[in-house]
Amino acid sequence: MATVILLRHARSTANGSGVLAGRQTGVRLSDRGEDQAKALVDRLAGVPLRDVVTSPLERCRQTLAPLLAERGIDPVVEPDLVEVDYGQWTGREIKDLLKEPLWTVVQQHPSAAVFPEGEGLATVQARAVAAIRAHDARITAEHGPRAVWLACSHGDVIKAVLADALGVHLDGFQRIVVDPASVSVVQYTETRPFVLRVNDNGGDLSGVVPAPEKGAPEKTDEPPSSDAVVGGTTGA
């Protein structure tokens, strides 16, 4: 199976405002976020992206704009990678939400959390994981098992996908941190996913591109091994 780079949108005008923006319209990138979006072009320069999939929200489209312009790629819009529907919590100040009984459930037992007139975090995980795996299978079929693609989404959505890939119960997903403009990388194989990066805010990402097996031609349909390296990888 292919390798997916999970990109959280860059810093938005809502990040740091103390308000839970959710799916509100009018949330755009901040000046810092625009700089982060531009920096993605260099960060991903060594990564041959076969496809780009994105949440429909504006802040994700803005984050991808410089990269897509440089690569000449038309993104695939995936509704199931959209932000969590926080229902009645949308647009409210975090300081007020802290007082809600549901806040403790979200923190301690998120698999049971359902936002009033919104969706549950378990539903978010189900839709997001299904979407990522479906696109991964499609891209693998089109471009081979060593293809790399990118999916741009939102913090809680990406955390839910990572929890699934790590084999962590959804109740543990609050232990995962996903910053704005960070990338996390998952390589799906026949028997297990390998989590290659989490919350990476650094530079060059060419190291996530699967190398061909030693002695094999550069272009090969042979999928990466599902076996873990005993003792750890060599970093080659």
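Start by selecting Lys159 and Phe173: Lys159 lies over the face of Phe173, 4.7 Å from the ring centre (the criterion is NZ of Lys or CZ of Arg within 6 Å of the ring centre and within 35 degrees of the ring normal).

Before moving on, some ground rules. This is a predicted model, where local features need pLDDT of at least 70 and side-chain atom pairs count only at pLDDT 80 or more, while totals for chains, interfaces and linings use all residues. Residues are numbered from 1 along each chain as its sequence is written, and side-chain values use heavy atoms, with hydrogens and water left out.

Next, the rings. The structure holds 3 aromatic pairs (Phe, Tyr or Trp rings, the six-membered one for Trp, with centres within 6.5 Å; planes under 30 degrees apart are stacked, over 60 edge-to-face, the rest tilted). Pick Trp89 and Trp103, a stacked pair at 6.2 Å centre to centre with 20 degrees between the planes. Trp89 and Phe115 are both buried (under 20% relative accessible area, 1.4 Å probe, protein chains only). Show Tyr86 too, and you have the cluster that ring pairs build from Tyr86, Trp89, Trp103 and Phe115.

Last stop: Asp51, in strand S2 (residues 49-54); strands are DSSP runs of E, at least two residues, numbered from the N terminus. Asp51 is buried too, at 10% relative accessible area. Its side chain makes a polar contact with the side chain of Arg138 at 3.0 Å (N or O atoms within 3.5 Å, one able to donate a hydrogen and the other to accept it; residues adjacent in sequence count only if both atoms are side-chain atoms).

Technical notes. Helix = DSSP H or I, 4+ residues; strand = E, 2+ residues; numbered from the N terminus. Buried < 20%, exposed > 50% of the residue type's maximum accessible area, 1.4 Å probe, protein only.
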